[in-house]
Amino acid sequence: SERKTMYSSFVQQLLDSGHAYYAFDTPQELEEMRNNMRASGVQSPTYNNITRSSMKNSLTLPSEEVNARLNSGDNHVVRIKMPRNEEIKFEDKIRGWVSVNSNHVDDKVIYKSDGMPTYHLANVVDDYSMKITHVIRGEEWLPSAPLHVYLYKCFGWEKNMPIFAHLPLILKPDGNGKLSKRDGDRLGFPVFPIDWVSAETNETFQGYREQGFLPEAFINMLAFLGWNPGTDQEVFALPELISAFSLGRVGKSGAKYDFSKTKWFNQQHLRLKSNQDLFEAIIHLNDGLVEDFSKDYIMRVIELVKERATFYEDLVFEGKAFFEHNIEFNKKAVTKKWKEKWIPNLREFCQDLASLESFTHDEIENAFHQYLNKTEMSIGQLMPMLRIAITGSLAGPSMFCSIELLGKEKIMERINVAINKIKDGKDYS
């Protein structure tokens, strides 16, 4: 709106050169024209190089009447005058050469009755004024490109026309149609980089940042929606993406959005971070940890659990067996794997652990396998019991590294507590 005067001068240029014209048609007259075209079998009626001859515009009205209407302030718009049967060609860096016959392009409004330009005119004038070199946008704008190319020609700016590249759309996970913000709500994933509040409905749509996604993972994910580097590499830092990216490797087909793949990217980028960075991140989430545990201990927990983490908060969750003094026993795990008949074996192995002089994960693992050989038990019998007793669940990082990190005293205590609390899966409160 601050550049209305500038736009009006370019509109006047198009009018003076005969590439645009005034149109005085009322909404009722436009609707009547469309209805008549539908009645004659035209499915998509438009104001074009044929229908304009029967409408009220500066091409059909006497010049005296046109001037009188303009002087009296009659409502009017300015339309581009598309030529008949002319091929409009341009090269798209993704789709190759595109050729459209001008008969398939309607006489779009380029200047509205309120004195404001439409997007089509403003887009071209702004890009030319700012010396834009590349116009990279979604493929839904491809049908508008011939009009924009023609406007460059009308202004005599062909040599300054930007390079066009129309990107493939991001599709719904099932591939059926363009991804929308409603799909994110329906399927439980964000569709905005950061939380966004609708001015119309005051609804808040979730953002990736607020859900814990890393910026570098988010960018990596976006790059692979429609592009590939031509190699097996998928995880890229931003400088690597800048170096590897080219429009020539962007595909034409829409890309299905995969939320699980997005989480995978986040997991990979989290693993690339240093333990110091991860330490600072989880302390930000839970600053009470440094009051109860040393930095060295927390860093060792991070090293142990980070392969299982997708988000920063997962580091705290996966490490809860190392940070909580009283662990909770997972009911399903206990019901499935805790067997009272093997409690004597668990107690006996606990004594073997207590007798170890070197409490390292290698020595712990060696003692475990020696015990299995001595008793002819299987890993599937003793290991779940041991893991439940020490961590409360069946899943987690290396058991032997976990035992080493927790230390002999805490391990003895946890095994004894589990034996006393759990009775064949019936009492684990």
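This is a predicted model: local features need pLDDT of at least 70, side-chain atom pairs count only at pLDDT 80 or more; totals for chains, interfaces and linings use all residues.
The largest nonpolar core has 77 residues, and the members that touch the most others are Ile298, Trp338, Leu346, Leu386 and Ile415. Helix H18, which spans residues 379-391, gives this core its largest share, 7 residues. Beyond its neighbours within four places in sequence, Leu346 has contacts with Trp338, Leu382, Met385, Leu386, Ala389, Ile415 and Ile419. Apart from this core there is a second, separate one of 35 residues, with Tyr7, Val11, Val100 and Trp157 among them.

Helix H18 also packs against another helix. Two packed helices are described by the angle between their axes and the distance between the axes. For H17 (residues 361-375) and H18, the angle is about 135° and the axes lie 10 Å apart. The two helices are therefore oblique to each other, and H17 passes H18 in a right-handed crossing. On the H17 side the contact is made by Phe368, His369, Tyr371 and Leu372, and on the H18 side by Ile379, Leu382, Met383 and Leu386. Sorted by class, this contact has 7 nonpolar residues, 1 polar residue and no charged ones.

The loop between H17 and H18 holds Glu376. Its phi is positive, near 60°, although Glu376 is a residue other than glycine. Most residues other than glycine have a negative phi. Glu376 has a relative accessible area of 73%, so it is exposed.

Asn85 also has a positive phi, of about 50°, and is not a glycine. Asn85 sits in the loop between strand S2 (77-80) and strand S3 (87-92). With a relative accessibility of 57%, Asn85 counts as exposed.

Technical notes: Residues are numbered from 1 along each chain as its sequence is written. Side-chain values use heavy atoms; hydrogens and water are left out. A nonpolar core is a set of buried Ala, Val, Leu, Ile, Met, Phe, Trp, Tyr and Cys residues joined through side-chain atoms within 4.5 Å. Buried means under 20% relative accessible area, exposed over 50%, partly exposed in between (1.4 Å probe, protein chains only). Helices (H or I, at least four residues) and strands (E, at least two) are DSSP runs, numbered from the N terminus. Contact means heavy atoms within 4.5 Å. Axes are lines fitted to C-alpha atoms, for helices over the stretch in contact, and angles run from 0 to 180 degrees between N-to-C directions. Angles under 35 degrees count as roughly parallel, over 145 as roughly antiparallel, 65 to 115 as roughly perpendicular and the rest as oblique. A crossing is left-handed if the near helix is turned anticlockwise from the far one by less than a right angle, and right-handed if clockwise. Ala, Val, Leu, Ile, Met, Phe, Trp, Tyr, Cys and Pro count as nonpolar, Asp, Glu, Lys and Arg as charged, and the others, Gly among them, as polar.
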